[in-house]
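Let's take a look at the rings and the open spaces in this protein. Keep the 3D view open as you read.

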Amino acid sequence: MYKTGFSFGGAHNFTDNAPLTSSLPEEQRKRLCGLLGNVELTLLYKASVHGYHASAFHQRCDRQGPTLLVAYNRSGYIFGGYTSVDYTQSGLGVTDEKAFLFSLQGGAPLCIKVNSGQYARLDDAGAPNFGQQLYFCYNNQPTVYHQGQNLFGAYGGYGGRVNPFNFNPATLYMNDTQLNECEVYKVEQKKDPQISVKMKPWRNVQWTEKRRDELMKMIRDYKPLMPSVSRVRILMIGPVGAGKSSFFNSINSVFMGRMTSKAMSGSAGTSLTTQFRTYPVKDGREGKPLPFVLCDTMGLEEQSGAGLDIDDISSILQGHVPDRYKVSALFYRMKYK
């Protein structure tokens, strides 16, 4: 809960347990979020409640991460600025390429980004400022002050007179310096629920040399359930680019003890595999065949008439398709049989 109170020239009193209510209309909040991306805005400071004194601002806004200052003047303008860098009262100029000024008057929001190579603000103990050009709650009063020429050259090491922000006060806030309200929001990226869920592996395997040898021995010693079947056939199915051919090359390399690339693999918009292939795997260069055969196919594609067809898969599983069968010929046979 926040405290509420009143202020006279910066002095403020508080009463406890009063809720803090945003003055930002929902439509304008959405427009600001359109400038910031997928973010949440949390109200930290409200001048009419906490007072216009700089110390009240820093008490609630220092070290809060990225913040958005929103001011409301008597002419009905909603304007302010964004900084992605903490307020810390360091007394130094802050480089912040993400900083910008904004005004929500009219149609599309006006967004004025900081000029490259310029300090976005002075991080002092005073009122919030942007580019040491635009001050909010100036002199602890409900006013905004425009410093026509920046002073960063005096302390930032810049000899020139280039303003950090190029803006016209009449366009930004209609030259109306009297504020009805000034608010500061903490800006946080919304968490994607699919990403925020802790990812867990579908199985926990200790990938040690001993474990590798155990797995390879299990594969070598495998025997099909049917005595009449000497080797099981494993059909690899997946979309174009899933890595079916690369998977075979990896398995073959492990048992050969060296890098192999028997199956053509790579990255392309269409399938590199155009034949149905059966790949036996040997246990070493001169070793005996292992008890399985990997069967590679053309990749699945969304476009009708492209890639492997469901009927093709059925023919392969039934054993009707020999090794090195041209997929294009298979399409023709299935279409005109």
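## Rings that meet

Rings of Phe, Tyr and Trp (its six-membered ring) pair if their centres lie within 6.5 Å; planes under 30 degrees apart are stacked, over 60 edge-to-face, and the rest tilted. One aromatic cluster here is made of F79, F130, F136, F165 and Y173. Searching the whole structure turns up eleven aromatic pairs. One of them is F130 with F136, an edge-to-face pair at 6.2 Å centre to centre, with 90° between the planes.

Are those two rings, F130 and F136, buried or exposed? F130 is buried at 1% relative accessible area, and F136 is buried too, at 0% (buried is under 20%, exposed over 50%, partly exposed in between; 1.4 Å probe, protein chains only).

## A charge over a ring

R121 sits over the face of Y87, 4.0 Å from the ring centre. To count, NZ of Lys or CZ of Arg must be within 6 Å of the centre and within 35 degrees of the ring normal.

## What lines the largest pocket

By class, the lining of the largest pocket has 15 nonpolar, no polar and two charged residues. Nonpolar covers Ala, Val, Leu, Ile, Met, Phe, Trp, Tyr, Cys and Pro; charged covers Asp, Glu, Lys and Arg; the others, Gly among them, are polar.

## About the model

This is a predicted model: local features need pLDDT of at least 70, side-chain atom pairs count only at pLDDT 80 or more, and totals for chains, interfaces and linings use all residues. Residues are numbered from 1 along each chain as its sequence is written, and side-chain values use heavy atoms, leaving out hydrogens and water.
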